[in-house]
Amino acid sequence: MPSSYRELKERAWAANQEIPKRGLAIYTFGNVSALDARRGVIAIKPSGVPYEKLGVDDLVVVDLSGKIVEGKLRPSSDTPTHLVLYRAWKGIGGVVHTHSSYATGWAQARLAIPIYGTTHADHLAEDVPCTAIMSNQAVARDYEVETGNQILECFTNRDPISTPMVLVAGHGPFTWGETPEKAVYNAAVLEELARMAFVTKTLVPSAARLPKRLIQKHFERKHGKDAYYGQAESAAPAPTSATLRALRTRTR
Ligand SMILES: [Zn+2]
């Protein structure tokens with residue numbers, strides 16, 4: 001009998017294939033999940049399966065409490081982290097975790113990625129945040145759930161829709177988006193921003209952040225209500241007006 005989750009699994013499979021294709025992971029590193037919000041389930045990469053051997057039917061369907069709904073394989077060990085984010089943030093439809101080199105480098109250095117240029121400002125209007133390092137007590141609890149909690153804590157005063165990425169200190173990047181495709185796009189963008197910022201900081205360790213007027217101009221021309229970058233069907237999600245109001249206050 002064909003799976004009623006076939007379409008969701010196909011979408012998650014295709015998004016997972018983007019990870020090696022964009023050079024974001026080697027071997028079995030990394031994972032992507034896709035949400036079916038209506039049915040309250042995600043499809044996620046199984047644990048330890050290399051991308052070239054991954055078939056659509058290998059994807060595991062899990063409900064938002066972590067119970068396996070369909071699939072013969074064990075879901076990615078990072079599944080609980082993905083679930084923490086889906087449960088907390090309405091409006092995200094895909095989550096990605098990689099150990100892409102430059103983004104992981106910044107995470108290992110426990111540094112936020114400074115907003116040095118317009119490439120960065122085209123995608124988010126602040127530094128790429130870095131979480132605190134996990135405490136001994138948290139490691140002793142449920143490690144993957146605590147990784148999710150670390151991210152939520154880092155977003156206490158942030159909007160995850162307008163800042164769709166984070167560095168988990170000592171570990172690596174997580175990104176998300178309104179769709180799984182957008183979440184993978186954000187993972188690739190993050191790696192590029194991390195690489196550019198590394199070059200900038202290497203050339204001039206005291207390099208200045210982009211002035212606020214340019215941050216605002218670039219972010220809003222792509223994401224604001226009067227956005228005019230690209231064609232009408234832009235790949236970039238539009239943040240809520242509350243986000244834009246917060247941004248205006250923050251970057252003034
Ligand atoms: Zn990891």
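Residues are numbered from 1 along each chain as its sequence is written, and side-chain values use heavy atoms, leaving out hydrogens and water. Because the model is predicted, local features need pLDDT of at least 70 and side-chain atom pairs count only at pLDDT 80 or more, while totals for chains, interfaces and linings use all residues.

**Stop one: the zinc ion.** Select the ion together with His-97, His-99 and His-171: their NE2 atoms are its protein donors, lying 2.1 Å from it. (Donors are N, O and S atoms within 2.8 Å of the metal, or 3.2 Å for Na, K and Ca; water is not among the atoms, so sites may look incomplete.) Along the sequence, the spacing reads H-x1-H-x71-H. Now try a surface view: His-97 is buried at 1% relative accessible area, whereas His-99 is partly exposed at 35%. (Buried is under 20%, exposed over 50%, partly exposed in between, with a 1.4 Å probe and protein chains only.)

Switch to cartoon and look for 7 strands in an open antiparallel sheet, ordered 4-3-2-1-5-7-6. At its edges sit strand 4 (68–70) and strand 6 (165–168), each pairing on one side only. Neighbouring strands are turned by 25° on average, direction ignored. (Strands are DSSP E runs of at least two residues and helices H or I runs of at least four, numbered from the N terminus; two strands pair if DSSP finds at least two bridges between them. Axes are lines fitted to C-alpha atoms, for helices over the stretch in contact, with angles from 0 to 180 degrees between N-to-C directions.)

Next, select 41–44 and 60–63: these are strands 2 and 3, antiparallel and joined by 4 bridges. Ile-42 has Val-62 as its bridge partner in strand 3.

**Last stop: helix 1.** Select residues 6–21, which lie across strands 1, 2, 3, 4 and 5, at about 155° to strand 1 (31–36). Contact here means heavy atoms within 4.5 Å.
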